[in-house]
Amino acid sequence: MSTQVAPDVRSRVLSAPQRVGVKLFVEDQEAFDRARMIEVFHRWIQEDRLPGTLVDVHDYTHVQEGPGVLLIAHEWHLRTDEAGGRIGLEYEMKREASGTLSERLGEAVASLLEAAAALEQDTAGDNPVRFVTREMVFRFTDRLAVPATDAAFEEVTPELEKVLAGLYGDAPVEFERVGHARGPLTLHMRVVGEGEWTLEELVSGARSAAG
Amino acid sequence: MGVEQQNPMTTNGSGQAPEPRAWKARLGSRLGEKLSREIDSFEGQIEQKRAGKLTDEVFAEMRLRRGVYGQRYDNGQRHDGVSSRELVFPNAELTKGPGTLWDAPGMVRIKNPFGALTADQMDVLAEVSEEYADGILHVTTRQDIQLHFVHLEETPDLMRRLGVVGITTHEACGNAVRNVTACHLSGVCTTQTFDVTPYAAAVSDFLLGHPDAQEFGRKVKPAFSGCADRPCGLVKMHDIGGIARVREVDGVERRGFEFYVGGGLGAVPHQAELFDEFLPEEELLPICQSISRVFARLGEKDVRSRARLKFLVAKLGIEEFRRLVLEDRAGLTEDSRWTAFLDDVHKGHDGPLWQIEKKRDKLTPSPQLEAWLGTSVTQQRQPGYKVVMIYLPLGDITADQIRGLADVARRFTGDAVRMTVEQNLAFRWVRESDLSALHEALEELALADPRAETLTDITACPGTDTCKLGISSSRGLARTLMDHLETRGEELDEVVRGLRIKISGCFNSCGQHHMADIGFWGVSRKRNGYNVPHFQVVLGGQWAENAGSYGLAIVAVPGRNIPAATDRIIQYYVDEREGDEGFKAFVTRVGKASLRTLLQDLTEVPAYEQDRSFYSNWGDPREFTLGDMGVGECAGQIVSPVEFGLQASEREIFSAQDRLDQGDFNGAADIAYGAMLIAARTLAREKEIGLGEDPEAVVAAFKTHLFDPGLFHDPFAGGKFGNYLFRVHRERKNGFEATPSRARQRIEEAQLFIEAAHSYHVRTAETVSV
C-alpha cells in the first residue's frame with residue numbers, strides 16, 4: 001500500500017512541486033573523501049557560502065548507499081548522495097519555493113550547479129572533486145504535485161527540456177525513468193548530443209535561464 | 001536559491017486553483033473517523049498558535065502528545081565553531097513552544113507498539129521520510145521510529161499518510177503512556193514462557209488516550225518480556241513491566257506476569273520493584289489503569305526531575321504503592337475491555353507466509369553468507385523457520401532501503417517484521433530454505449552486513465547531532481568506534497565479539513549506557529583553559545536478565561582517547577579473564593580501581609597547540625564549546641583551584657563506588673555525600689574566601705552564593721542537581737540507613753552534582769574569558 005496518488009485520480013496537468021531534488025555525479029568515485037565534506041559544509045555555514053538559512057551538518061556516512069553528508073538549510077538540503085552506489089551531490093528544494101513548474105526546476109538546477117561549483121572551487125588542489133556535466137538525476141519528492149506515473153513522466157520531460165536548453169543549447173538530451181516503482185518519480189538525464197560543458201558554463205547558462 | 005516568501009500553493013505549473021489541504025481531501029476517506037478528527041484538531045491547534053490564541057506552554061504539550069518534538073538549535077542559536085550565530089528563519093517572531101522557533105526543524109516520533117511493522121507501513125514510512133524529513137528513518141531503543149528535520153506545518157499531512165496504514169504518533173512524546181515495547185522474538189522465541197505480543201497490544205490500545213492516563217507529571221514507559229533471562233524486553237528498566245509466567249491454579253495452567261513498577265534510566269537509574277510475583281492475565285489492564293490513576297493523583301507535577309513513576313514508588317515504598325494501587329483497583333468500574341482481548345491471545349500475532357517444504361535450499365558457501373548465517377540468523381521455536389536480524393547502523397535506514405525491504409518482506413515473511421531495542425530489524429518466519437535467497441536480496445539493498453548484536457553493533461542516542469540536551473557527540477563516537485573495531489576485525493578475540501557498547505550524549509541515558517558491558521556518557525571538562533569533550537566510562541552493567549543490573553562510571557576520558565580506552569578494556573578482559581568468566585563478573589572481580597588505573601594515562605589532554613583534535617567532538621570539526629571561546633595567553637599552563645577541587649571530588653566518588661562493591665553501603669553513601677561537599681565547597685570558596693569545611697557552613701554558602709541566585713542552575717534541569725545536595729544533607733542530619741539501592745542512588749546523584757559543578761565552572765569561565 002502507498003499513499004501515492006493513483007494515476008486515474010490525477011488530473012492531466014501537474015502542479016508545481018514544493019520538493020524536487022537534482023543530482024550531479026562525482027567524476028572520481030574512488031577518490032571521494034567523505035570526511036572532508038563535513039569540514040567543507042561546516043565552513044560553508046561559517047562563511048554563509050550559499051543563500052538560505054543554513055542550519056547544520058549531519059553525518060550519515062555510516063549508512064551504505066545513504067545520504068552521505070548533509071548540509072541542512074531551512075529551504076533546502078544538500079547531500080553527498082550515495083543512492084544506487086554512485087556518489088554525487090544532490091540539492092533538494094524543500095520549502096519556500098515559488099513560481100511555475102519549470103521555474104522551480106530551473107531554480108533547483110541553478111542552485112545545485114552553484115553548490116557544485118563551490119565544492120569544486122573549495123577542493124581545488126589536493127584531491128579535487130570534479131563533477132560529470134553530461135548527466136543529472138531529477139527526483140520529485142512531492143507525490144501530490146508530481147506522482148510517480150507514466151503520465152507524469154510524459155508531462156514533466158518537456159518542462160525539463162526547457163530548463164536544460166538553457167544549459168546545453170540545442171544538444172539533445174534523453175530521459176530514463178529510474179528507481180523503484182513505488183519511489184518518487186525519478187529521471188536520469190543524459191546529454192546524447194555532441195559537446196563538452198564546464199561546470200562554470202552550466203552555472204552561467206542556468207542563471208541566465210532562471211533570470 | 002528559492003527563498004522568496006510567497007504562499008507556495010498560490011502558483012502552480014498550470015495555473016490551476018491551489019489545493020491547500022490536498023492530502024486531507026485525498027486520504028480523508030481512508031482514515032478512521034476518530035484519527036481523522038484528531039489530526040484535524042491538531043491542525044486547528046497549529047492555526048490557533050499561529051494566530052496567537054494559544055500559549056507556548058500549552059501548544060508545546062499539545063504537539064508533544066502528537067509526537068512532534070523539538071530538535072537541537074530550535075532556539076535559533078548555533079555555535080558555528082567561531083561564534084554563536086542566529087539562525088534567521090522566515091517566521092522569526094513565531095514560536096511553537098517556550099524558546100522554540102516556528103520554522104526550526106524538528107523531530108517526529110512514530111509509535112509502533114512492540115516494534116511491529118507491516119510491508120504496507122514500510123512503504124508509507126519511506127514516502128514520508130523522503131518527502132518531509134531527510135530521507136532517513138531512525139529506529140530507536142524503544143522500538144519507535146524518528147524522523148528528523150521536519151517542519152511543524154507539514155506534520156498533519158505526515159500523520160494522515162501514516163494513519164492510512166494504521167500508524168499513529170499520538171502520545172509518542174509528552175507526559176503520557178509511551179510506546180509499549182516487547183521482545184522482538186515473542187511468539188517465535190525458543191525460551192519464551194508464552195507470546196506477550198497480544199498483551200502488549202492490549203495495554204497499548206487500552207491506555208492510548210485513556211482518561212485516567214492524561215494527567216501525569218511525566219511519561220510512563222511500559223515493556224513486556226516473554227522470559228526472564230534474555231535482554232530483549234528490558235523490563236527492569238521500565239516504569240511498568242511484565243515478564244511472562246504460568247502458574248497452575250486448581251489443576252489448570254494460568255497465564256500471568258511477574259509484574260514490575262518504578263524502573264527507569266535517566267539521570268538517576270532505578271531498578272524496577274517487584275509489584276506482584278504473579279499478576280493474572282485478567283488483572284493486567286485494570287492494574288495498569290489503577291497504576292495510572294495513582295500516579296496521576298500522587299505523582300510529582302511541579303518538579304519535573306522528580307516526576308517519573310520511579311520517584312513516587314521510591315518515595316512511598318513498594319508496599320504502600322502496591323496498597324494504594326490495589327485499593328484503587330477495588331473501586332474501579334468494570335470495563336469489558338479488560339478481558340475482551342483474552343479470547344485471542346493464543347492466536348499469535350503473525351505466522352508463516354509459506355509452509356515448510358521438504359526440499360532444502362542448497363546454500364552457496366560464500367564467506368559473506370557464512371558470516372551472516374553465523375551472526376544474523378537464529379532458530380525459531382517453530383521447526384524449519386528462522387529469525388533473521390537486519391543490522392541498521394546506528395538504527396538508520398534510508399527510504400529506498402525500507403521500500404526495498406517491504407518487497408523483501410512480501411516475498412519471504414509477509415508482515416512479520418519487528419524493530420528491536422538494539423535498533424535493528426527482525427524478520428520472523430523465514431523459511432530455512434529461503435535463507436540464501438533472502439541474503440542475496442538483502443545484499444542488493446546493502447542490508448546484509450553481518451554485525452547485528454555483536455561488539456560493533458553499537459547503540460547510540462542522537463546526542464549532539466539533533467538532541468537539545470546532548471553534551472558530547474554519541475553518534476560521532478559510535479561511528480568512530482564501529483570503524484575502529486571493524487578494522488581490527490579478525491584480530492579481536494572471540495570472547496569479546498558478543499559484548500555490547502552503548503553510548504549516550506549526556507547523563508539522561510537514552511543510549512542505555514547503564515546496561516552495557518561497556519558504556520559511555522558524554523560530559524564536558526575544562527582542560528588547559530578550553531572545554532574538552534569527555535565520556536564517562538561505565539562498566540559493570542548487565543544487558544541480560546532484562547537489564548539485570550546497572551553499571552557505574554569509573555573515570556572520565558577525553559573523547560579522542562575512547563577508542564584506545566576501549567581497546568585496553570577488552571584486551572584486559574581477554575588477558576585476565578578466568579575460565580569462561582563473563583565480562584560483568586570479570587569487572588567485579590578485578591575491581592574498578594584496577595580498571596581506573598588501566599585508563600589513568602588516557603585521561604591526560606595534550607595542549608591545544610599540540611593536538612587540537614582533542615578539543616572537538618568526533619565527526620565535528622568545530623571546536624567544542626558551549627559559547628564563545630576565549631583563553632588568556634597563559635591559561636593553557638594553569639590548573640585552577642576549582643579544577644583541582646572538582647577532580648578531588650571525583651576521586652571521592654570513585655572511592656564510594658569501591659565501598660559499594662565491597663558491600664559497605666553506609667560507607668559508600670557517606671563518601672558520596674563527602675564528594676558533593678568537596679565540590680560545593682570548591683565553588684563556594686570562589687565567592688567566600690576563607691570558607692571552612694563545616695558541612696553546615698558549606699551548604700549554607702553554596703545556597704547563598706550559587707543556588708539562590710540561580711547561578712548553579714542547569715539550563716535545562718534548573719535546580720535539580722543543587723537540590724540533590726540539600727536533600728542528602730538533610731538526610732544525613734536526620735539519620736540515613738543505606739540500602740544497596742539507596743547507596744547506589746546517592747552515588748549517582750553525587751556524580752550528577754559534580755557534573756553540574758563542572759558545567760557551572762565551564763559556564764562561568766566562558767563568561768569571564770575574552
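User: What percentage of the 211 residues of chain A count as buried?
Analyst: 64% of them. Keep in mind that this is a predicted model.

User: How confident is the predictor in chain A, as average pLDDT?
Analyst: The average pLDDT is 91. A score of at least 70 is reached by 93% of the residues.

User: Where in chain A is pLDDT below 50?
Analyst: Over residues 6–13. That stretch still has 13 contacts in the model, beyond near neighbours in sequence. Where pLDDT is low, the predicted coordinates should not be read in detail.

User: OK, the fold. How many helices and strands does chain A have?
Analyst: Four helices and eight strands. Starting at the N terminus, the order is β-α-β-β-β-β-α-β-α-β-β-α.

User: What about the radius of gyration of chain A against a compact globule?
Analyst: They agree. Chain A has 17 Å, and a compact globule with 211 residues would come out near 17 Å. The C-alpha trace spans about 50 × 40 × 30 Å along its principal axes.

User: And what share of the contacts in chain A join residues at least 24 apart?
Analyst: 65%, counting contacts between residues at least 6 apart in sequence.

User: How much accessible surface does chain A have?
Analyst: About 7600 Å². Carbon and sulfur atoms account for 46% of that.

User: Switching to chain B. Why is helix α5 described as largely enclosed?
Analyst: Because nine of its nine residues, 155–163, are buried. Buried here means under 20% relative accessible area. The buried residues include B:D157, B:R160 and B:R161.

User: Which elements do the buried residues of α5(B) pack against?
Analyst: Helices α1 (22–27), α2 (33–50) and α4 (119–132) of chain B, plus strands β1 (68–69), β6 (106–111) and β9 (144–150).

User: Next, B:Q380. Where does that residue lie?
Analyst: In the chain B loop between β15 (377–379) and β16 (385–390).

User: Is B:Q380 buried or exposed?
Analyst: Buried, because its relative accessible area is 2%, where the cut-off is under 20%.

User: What does the side chain of B:Q380 reach at 2.5 Å?
Analyst: The backbone nitrogen of B:W429.

User: Which residues does B:Q380 touch, leaving out those up to four places away in sequence?
Analyst: B:V188, B:T190, B:Y385, B:K386, B:V387, B:R428, B:W429 and B:V430.

Terms used:
Residues are numbered from 1 along each chain as its sequence is written. Chains are lettered from A and ligands numbered from 1 in the order in which they are written. This is a predicted model: local features need pLDDT of at least 70, side-chain atom pairs count only at pLDDT 80 or more; totals for chains, interfaces and linings use all residues. Side-chain values use heavy atoms; hydrogens and water are left out. pLDDT is the predictor's confidence in each residue, from 0 to 100. Contact means heavy atoms within 4.5 Å. Helices (H or I, at least four residues) and strands (E, at least two) are DSSP runs, numbered from the N terminus. Buried means under 20% relative accessible area, exposed over 50%, partly exposed in between (1.4 Å probe, protein chains only). A polar contact is a pair of N or O atoms within 3.5 Å; within protein, one must be able to donate a hydrogen and the other to accept it, and residues adjacent in sequence count only if both atoms are side-chain atoms. The radius of gyration is taken over C-alpha atoms; the globule rule is 2.2 Å times the number of residues to the power 0.38. Accessible areas come from the Shrake-Rupley method with a 1.4 Å probe; for residues, only the protein chains shown count as cover.
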